[in-house]
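Colleague: I am new to this structure. Please take a close look at a single part with me.

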Amino acid sequence: MPAKSSTIVTALTTAAVVAVGVLGYQAAASAPDTLTEARKDSHHSSPKKQPDRSGKKEKAPAPAPVPPASGKGQRIVYSLDAKRVWLVGAQEKVRRTFTVAPSTVSPPLGTYAVGSRSVSVTGSDGIAIEHVVRFATVGNVTIGFSAAVDGSRPTPDPSKKTGGIRESRDDGKAMWDFALRGTKVVVVS
């Protein structure tokens with residue numbers, strides 16, 4: 001009797017493995033070559049570049065260059081005038097650049113270091129924020145990069161002294177991964 005039960009279990013297990021293999025093959029055969037080639041009617045697919053009148057594809061604009069005199073080596077560069085941040089790797093390669101919504105209190109031009117980080121807190125404006133990377137203090141106002149949990153980047157109330165330089169949630173995650181404690185932050189005009 002035990003030999004008969006084990007034979008049945010083995011047969012059922014083999015049949016299940018074969019069925020999963022067939023289903024996996026069918027799924028792989030019907031999947032698009034890349035994830036961006038998902039169904040054309042899907043609102044989740046990425047927009048395709050439209051050809052210009054000459055029939056050539058439009059090129060994405062070149063990323064803004066790192067400001068001159070912003071130092072060397074791995075660093076975060078924050079331009080007050082451009083309202084832009086660059087995450088620069090050790091080999092002078094820009095890993096990411098993005099625009100930010102500045103705070104009402106700006107840090108003076110100069111070089112700083114990331115002093116503290118918080119995964120999530122409430123900002124001085126009362127908004128829930130995440131990926132907080134602090135690097136300076138001006139008076140009693142702490143200056144740092146952060147992303148609003150709700151994804152907003154509202155213009156700060158000019159009557160309040162705030163130090164939160166807001167970025168998108170994706171940019172905030174990139175900043176968080178890049179800006180470990182002690183990472184150099186260079187503020188330029």
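Colleague: Is F135 buried or exposed, and what is its relative accessible area? Please go on from there to the side chains that pair up.

Modeller: This is a predicted model, in which local features need pLDDT of at least 70, side-chain atom pairs count only at pLDDT 80 or more, and totals for chains, interfaces and linings use all residues. Residues are numbered from 1 along each chain as its sequence is written, and side-chain values use heavy atoms, with hydrogens and water left out.

F135 is buried, with a relative accessible area of 6%. Buried means under 20% relative accessible area, exposed means over 50%, and partly exposed is in between (1.4 Å probe, protein chains only).

Now the rings. Rings of Phe, Tyr and Trp (its six-membered ring) pair if their centres lie within 6.5 Å; planes under 30 degrees apart count as stacked, over 60 as edge-to-face and the rest as tilted. That rule gives three aromatic pairs. Y78 sits in strand β1 (residues 75–79) and F145 in strand β7 (residues 141–148), 67 residues apart. Helices (H or I, at least four residues) and strands (E, at least two) are DSSP runs, numbered from the N terminus. Y78 and F145 are both buried.

F135 pairs with Y112, also edge-to-face: 5.7 Å centre to centre, 65° between the planes. Y112 is in strand β4 (residues 110–113) and F135 in strand β6 (residues 128–138), so this pair ties together parts 23 residues apart in sequence. Y78, Y112, F135 and F145 form one aromatic cluster.

Strand β6 also holds E130, and helix α2 holds R169, so their pair ties together parts 39 residues apart in sequence. The two form a salt bridge, with the closest N and O atoms 2.6 Å apart. A salt bridge is a side-chain nitrogen of Lys or Arg within 4 Å of a carboxyl oxygen of Asp or Glu. E130 is buried, at 12% relative accessibility. R169 is partly exposed, at 38% relative accessible area.

D171 meets R96 at 2.8 Å, N to O. D171 is in helix α2 (residues 169–178) and R96 in strand β3, 75 residues apart. D171 counts as buried at 10% relative accessibility, while R96 counts as partly exposed at 31%.
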